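Hello,

Here is the structure we talked about handing over. My notes follow below it.

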Amino acid sequence: MALSLNPGSRGAANDPFNGAADIEASSFAVLHNYAFVEDPSRLIRASRLAARFHWPLEERHAGCYESAKENNYIDT
């Protein structure tokens, strides 16, 4: 999610991955199934956000999170 800085559309919201819907649903998601494999630090950020806002990770990505955690991707 971002706000446009272009002169013709300054301040307009840009939400290409529908993040506003996640906020309304009080959950969060990653953009693809390999997000935790490509960048294991996302495991830490996901844990921090879940604890801070008491929001669950979207169900379809929770399995990806658990798999990456069980396979110790954070160790790499």
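**Helix H3 and its surroundings**

H3 has 13 residues and spans 19 Å from first C-alpha to last, close to the 18 Å expected at 1.5 Å a residue. That expected span is 1.5 Å times one less than the number of residues. Helices here are DSSP runs (H or I, at least four residues), numbered from the N terminus. After H3 comes His54, with a positive phi near 60 degrees.

This is a predicted model, in which local features need pLDDT of at least 70 and side-chain atom pairs count only at pLDDT 80 or more, while totals for chains, interfaces and linings use all residues. Residues are numbered from 1 along each chain as its sequence is written, and side-chain values use heavy atoms, without hydrogens and water.

**Aromatic pairs**

Rings of Phe, Tyr and Trp (its six-membered ring) pair if their centres lie within 6.5 Å; planes under 30 degrees apart are stacked, over 60 edge-to-face, the rest tilted. The count comes to two aromatic pairs. Phe36 and Tyr65 have ring centres 5.6 Å apart and planes at 80 degrees, so this pair is edge-to-face. Phe36 lies in helix H2 and Tyr65 in helix H4, so the pair ties together parts 29 residues apart in sequence. Both Phe36 and Tyr65 are buried (under 20% relative accessible area; exposed is over 50%, partly exposed in between; 1.4 Å probe, protein chains only). Phe53 and Trp55 have ring centres 5.3 Å apart and planes at 35 degrees, so that pair is tilted. Phe53 is partly exposed at 40%. Trp55 is partly exposed too, at 22%.

Best wishes

Methods:
Helix = DSSP H or I, 4+ residues; strand = E, 2+ residues; numbered from the N terminus.
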